[in-house]
Amino acid sequence: MAITNAGDMLYYLVFLIWFITALLVHYFMKSYSKPHHSTPQISNPPPPSPPALPIIGHLHLIGKVLPKSFQTLARRYGPLMQLRLGASTCVVASTADVAKEIFKNQELNFCSRPEFGSSEYFIYRGSRFVLAQYGDYWRFMKKLCMTRLLSVPQLNKFADVREEEKIKLVESVMKCCIQGDPCDLTTEFTTLTNNTICRMAMSTRCSGKDNEAEEIKGWIRTCLQLAGKVSVGDILGPLKIFDFSGNDNKLKSALLKYDRIVEKVLKEHEEKAVKGNFDPNQRKDLMDILLEVYNDPSAELKLTKKDIKSFFLDIFMAGTDTSSAAMQWAMGELINHPTAFMKLRDEINTVVGPNRLVKESDIQNLPYLRAVIRETLRLHPSAPLIIRECAEDCKINGSIVKAKTRVLVNVYAVMRDPEFWAHPDEFMPERFLEGSGERIGEHQMEFKGQNFRFLPFGSGRRGCPGASLAMVVMHAAVGAMVQCFDWKLKGGDEKVDLSPGPGFASEMAHPLVLCPVKHMQL
Ligand code: HEM
């Protein structure tokens with residue numbers, strides 16, 4: 001990592017001094033307190049663990065792509081292993097059988113998420129639905145998501161909004177074709193998902209003339225980036241209170257700015273409702289629905305405005321980059337597999353014809369498109385490490401997992417397990433087609449975690465409530481990109497670089513910039 005300024009330099013110097021001192025203190029304490037007799041046999045052993053170093057634990061064994069590093073370690077230490085990354089300990093699950101134990105057989109024991117990274121510094125602490133403990137607040141919000149906010153009838157009411165945003169995406173790429181410019185698909189897909197969620201959530205767009213929405217998008221992006229950096233705090237343990245890098249403070253200030261703008265949009269929605277400007281036939285956006293619940297004296301739980309603002313931050317953070325990353329991977333894989341690309345285009349041509357754009361209602365008649373999206377999510381899950389917390393001591397795979405342990409289900413490893421998947425590292429959409437010989441689950445196209453080999457959206461009560469929305473947006477957008485354009489690589493590259501980026505998420509290491517060539521006239 002390059003040190004770029006004096007602040008960074010000071011930070012690294014202080015960190016180094018702390019690190020060396022702590023290492024020495026740890027060594028001395030250990031050698032003085034070493035027992036002289038061998039420790040008795042433990043009847044309930046913890047999960048197996050690689051040999052650890054003082055202070056840093058297993059950090060030295062971890063490469064920059066976390067799910068891949070964990071997959072490599074699991075081959076040696078088994079499907080359930082314990083790792084210590086600096087000050088934080090976690091248990092990593094890496095096979096479908098162990099995932100089933102966690103997500104199904106012992107579901108209630110693993111229904112909470114731990115506080116991690118930035119959560120202590122969030123101004124919305126206590127209101128975060130994504131990080132909520134399994135309890136009344138989480139149950140209330142989840143029910144609201146499934147029955148109203150992200151339910152299929154509510155999604156259907158906004159089909160026209162998604163159609164408009166998809167057309168804007170096609171027009172924007174077409175503009176690159178006409179001008180002969182390369183097209184940054186990373187930005188295009190992120191704009192699509194941001195705008196779609198923003199319009200469905202609070203009837204504003206995140207680009208063009210709408211400055212409020214543009215600002216919200218900017219602050220959310222900053223929050224996402226800083227939240228990732230602040231997770232390093234987990235590794236520093238108690239020393240994170242010193243906030244050497246200043247990221248915690250930057251995150252707090254970005255969140256306050258986000259809070260101010262969303263508060264303003266909230267007021268506008270309230271005024272509209274009070275003035276009676278609200279047309280009863282007009283569809284309600286998510287903010288209208290949440291305000292209705294906020295004002296409902298008979299609601300099971302009293303929502304606060306902080307809960308509402310926090311919910312929007314959660315769905316932006318959980319829903320935009322995840323969907324955008326999956327679409328980038330799908331395009332990258334398709335371009336590197338021209339036979340699959342042409343097979344998909346032929347299917348769209350046959351079902352949709354040459355005179356109109358593929359739309360959401362076509363998806364059910366496009367099995368190969370559905371197989372392409374599923375195969376993309378199998379190879380490149382946007383949330384490769386699903387984080388849960390164990391409520392009470394329990395036994396899994398012959399080992400004891402202690403209460404309050406963080407458990408990471410490495411769905412990246414599960415979905416590339418050679419025991420269950422033929423040629424697990426190959427992009428082969430055909431495996432998801434009926435009669436392929438590779439049985440996925442009850443239904444060949446199942447994607448909500450009912451079988452425990454295919455888990456892109458997690459599983460059980462805590463599974464992703466945005467899966468249906470993500471699926472319709474991704475199918476329609478990738479379908480349109482294949483239907484309308486041929487894609488050339490920049491500067492003589494032969495293949496799209498499909499290296500994964502660093503960290504927890506599974507984004508591409510480099511932005512996906514390609515040269516589109518018009519194939520279909522709209
Ligand atoms: C390709 C796109 C997406 C992927 C791969 C994805 C994946 C996931 C995964 C793996 C989880 C954890 C599930 C578990 O613990 O079992 C999750 C949780 C969640 N996702 Fe998604 N997601 C996507 C899109 C979305 C969208 C579009 C939204 C909302 C608009 C959303 C909202 C959420 C929320 C609120 C949670 C937390 C649920 C809870 O804790 O109860 N996600 N997602």
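This report walks through the sheets, the iron site, the cysteines and the aromatic contacts of the structure above.

First, the ground rules. This is a predicted model, where local features need pLDDT of at least 70, side-chain atom pairs count only at pLDDT 80 or more, and totals for chains, interfaces and linings use all residues. Residues are numbered from 1 along each chain as its sequence is written, and side-chain values use heavy atoms, with hydrogens and water left out.

**The open sheet**

Let's start with the strands. Helices (H or I, at least four residues) and strands (E, at least two) are DSSP runs, numbered from the N terminus. Two strands count as paired if DSSP finds at least two bridges between them. On that basis, 4 strands make an open sheet in the order 1-2-7-4, with mixed pairing. Its edges are strand 1 and strand 4 (385-389), each of which pairs on one side only. On average, neighbouring strands here are turned by 30 degrees against each other, direction ignored; the axes behind such angles are lines fitted to C-alpha atoms, for helices over the stretch in contact, and angles run from 0 to 180 degrees between N-to-C directions.

The pairings of this sheet, and one more elsewhere, look like this:

| Strands | Direction | Bridges |
|---|---|---|
| strand 1 (residues 80-85) and strand 2 | antiparallel | 6 bridges |
| strand 2 and strand 7 (residues 406-410) | parallel | 4 bridges |
| strand 4 and strand 7 | antiparallel | 5 bridges |
| strand 8 (residues 485-488) and strand 9 (residues 513-518) | antiparallel | 4 bridges |

Strand 1 and strand 2 form a hairpin with 2 residues between them, and G86 in the turn has a positive phi of about 65 degrees. Across that pairing, M81 stands opposite V92 of strand 2. On strand 7, R406 is the bridge partner of C90, while V407 is the partner of R388.

How enclosed is strand 2 (residues 88-93)? Since 5 of its 6 residues are buried, strand 2 is largely enclosed by the rest of the structure. Buried means under 20% relative accessible area, exposed over 50%, and partly exposed in between (1.4 Å probe, protein chains only).

**Strand 8 and its two faces**

In a regular strand the side chains alternate between the two faces of the sheet. Strand 8 has a covered face with F485 and W487, and an uncovered one with D486 and K488. The bridge partner of K488 in strand 9 is C515.

**The iron and the cysteines**

Which residue is the only protein donor of the ligand's iron atom? That would be C464, through SG at 2.3 Å. Donors are N, O and S atoms within 2.8 Å of the metal (3.2 Å for Na, K and Ca), and sites may look incomplete as water is not among the atoms. C464 is in the loop between helix 15 (411-414) and helix 16 (467-484).

As for disulfides (pairs of cysteine sulfur atoms within 2.5 Å), the structure holds 0. For C176, the closest cysteine sulfur is that of C183 at 4.2 Å, too far for a bond. For C484, the closest is in C177 at 9.2 Å, again too far. C176 is buried at 12% relative accessible area, and C484 is buried at 0%.

**Aromatic contacts**

Rings of Phe, Tyr and Trp (its six-membered ring) pair if their centres lie within 6.5 Å; planes under 30 degrees apart are stacked, over 60 edge-to-face, and the rest tilted. The whole structure has 9 aromatic pairs. One of them is Y134 and W138, with centres 5.4 Å apart and planes at 50 degrees, so the pair is tilted. Y134 is partly exposed at 24% relative accessibility, whereas W138 is buried at 4%. Then there are F447 and F457, edge-to-face because their planes are at 65 degrees, with centres 5.8 Å apart. F447 and F457 are both buried. F129, F311 and F312 form one aromatic cluster.

The charged end of R378 sits over the ring of W421, 5.1 Å from its centre, and R453 lies over the face of W421, 4.5 Å from the ring centre. Sitting over a ring means NZ of Lys or CZ of Arg within 6 Å of the ring centre and within 35 degrees of the ring normal.

I55 has a positive phi of about 65 degrees although it is not a glycine; I55 is in the loop between helix 1 (6-33) and helix 2 (66-77). K404, also not a glycine, has a positive phi near 75 degrees. K404 belongs to the loop between strand 6 (399-401) and strand 7, and is exposed at 57% relative accessible area.
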